[in-house]
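Open the structure in your viewer and keep the selection tool handy. We will go from one element to the next.

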Amino acid sequence: MSPPALKTAAPTISSSLSSSHSRSQTTSRSRLDQVASHIDPTARMASTTAFNADVVPQAPEDALFGLMAAYRRDTDPKKVDLGIGAYRDNNAKPWVLPVVKKADELLRKDPDLNHEYLPIAGLAAFTSASQKLILGDESPAILEKRATSVQTISGTGALHLGALFLSKFYHTKEPRTVYFSDPTWPNHFQVFSNVHLPYKTYPYFKKETKALDFDGMISTLEGAEPGSIIVLHACAHNPTGVDPTQDQWKKIADVIREKKHFPFFDTAYQGFASGDLAKDGWAIRYFVEQGFELCIAQSYAKNFGLYGERAGCFHFVTASAADAESTVQRVASQLAILQRSEISNPPAYGARIAATVLNDKELFADWEADLKTMSGRIIDMRKALRSKLEELGTPGTWNHITDQIGMFSYTGLSEKQVLKLREDSHVYMTKNGRISMAGLNTNNVEYFAKAVDKAVRETE
Ligand SMILES: Cc1ncc(COP(=O)(O)O)c(C=O)c1O
């Protein structure tokens, strides 16, 4: 699309004709220029921009948002959306959590509610409750004041703030390298490279077993430059749905300690994965208990269904030490400056909803029930899909569908099969074979299983 300035510079046929009539004194050279620019208007306009294609090349469309647009354009009534990473109910509709509706009512009835700015670090009732939620109520890091938290623009904003902080304050002469799982949530690459942190990957998913490549992961972490930043998905790994076991987490922690790496947890699915908040927070709590200094990016998009409200939190936790409290205070002061320069202060609504629920015993219990509704439906869909594929005798093994956890399943379908599913059956999923389990329901799971069966058999 042309920038508006260029559009106004382009003469219309009628205006350029009438102007050439009226200016009878113009030199033939300028007339020629006018004709040339008329034939090829870009010839005259190209020189007006400092942002030509060499400087600002056309960027590719975001793959996931492109997929969503293609799904919306498809008019087939049988179409199935398995791309979107957002919960859908059994009628394939977005679901406002009942507890969020309750909190919303309470907020709207609050006579003291206003629309003033929040503090730079966000709503204190939200950040303190967020700490407790992820670290545990009785976490020594909270009791010993070794944690500081900043409300962010959802999980992405928390990742960005953490990445920015590390790029500024955690380096040798050279920037440290960040390690992501292979594969990972694709936005990780952009968020960290935007702040000039070089990245590498560690093996994570083994195609043959459709499970964790634990040995590959460990040996890469062992061989990484000491002090590297290791990004870890706390639970419900996106895109694979494969998490380490608790024993494997312990070994991962050992290697990170030995190599003096810096763990950076991304937690976007606490409570959404298993329905149990403590279970889904176990890895982070274990690392904190083991005395690591670490960062956490926490999102409330999925577990509260507050996708568009952008409620999230960044936490920095330092190890137990005599100067821990002052370390945390210094870190907090710098985080405040970074936040102020980027967003000034965070948005209020989503944080108010979450804080209302997190700080009220009854509402908290309601929320846990809602989490069970969402995670339970997804677990049921995993079981249904696996059993339908097994009933159909679809070539391959399908136990990974129920072994994996959370919103996503890495089906093992090839790109060719994914495209076939889209063309033949109007099923939309990412090219890497990832499906959002939330897009399946009792009305479409059989249709999808049959579509997969057909695609697998016809591409064998
Ligand atoms: C692994 C992971 N991290 C972070 C996010 C951040 O999401 P948001 O910025 O919507 O909270 C997501 C969302 O899909 C995710 O899957």
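Start with helix 9, residues 154-169: at 1.5 Å a residue, its 16 residues should span 22 Å, and its end C-alpha atoms lie 23 Å apart, which agrees. The expected span here is 1.5 Å times one less than the number of residues, and helices (H or I, at least four residues) and strands (E, at least two) are DSSP runs numbered from the N terminus.

Two notes before moving on. Residues are numbered from 1 along each chain as its sequence is written. This is a predicted model, in which local features need pLDDT of at least 70 and side-chain atom pairs count only at pLDDT 80 or more, while totals for chains, interfaces and linings use all residues.

Next, select the open sheet of 7 strands, ordered 2-10-9-8-7-3-4 with mixed pairing; strands pair if DSSP finds at least two bridges between them. Strand 2 (147-153) and strand 4 (199-203) are at the edges, each with a single partner strand, so one side of each has no neighbour in the sheet.

Now pick strand 3 (residues 178-182) and strand 7 (residues 229-233), a parallel pair with 2 bridges. Tyr179 has Ile230 of strand 7 as its bridge partner.

Finish at Phe316, in strand 10 (residues 311-317). Is Phe316 buried or exposed? With 23 C-beta neighbours inside 10 Å, Phe316 counts as buried. Ile296 is 20 residues away in sequence, yet 6.5 Å from Phe316 in space, C-alpha to C-alpha.

Technical notes:
Buried ≥ 20, exposed ≤ 12 C-beta atoms within 10 Å, placed from the backbone.
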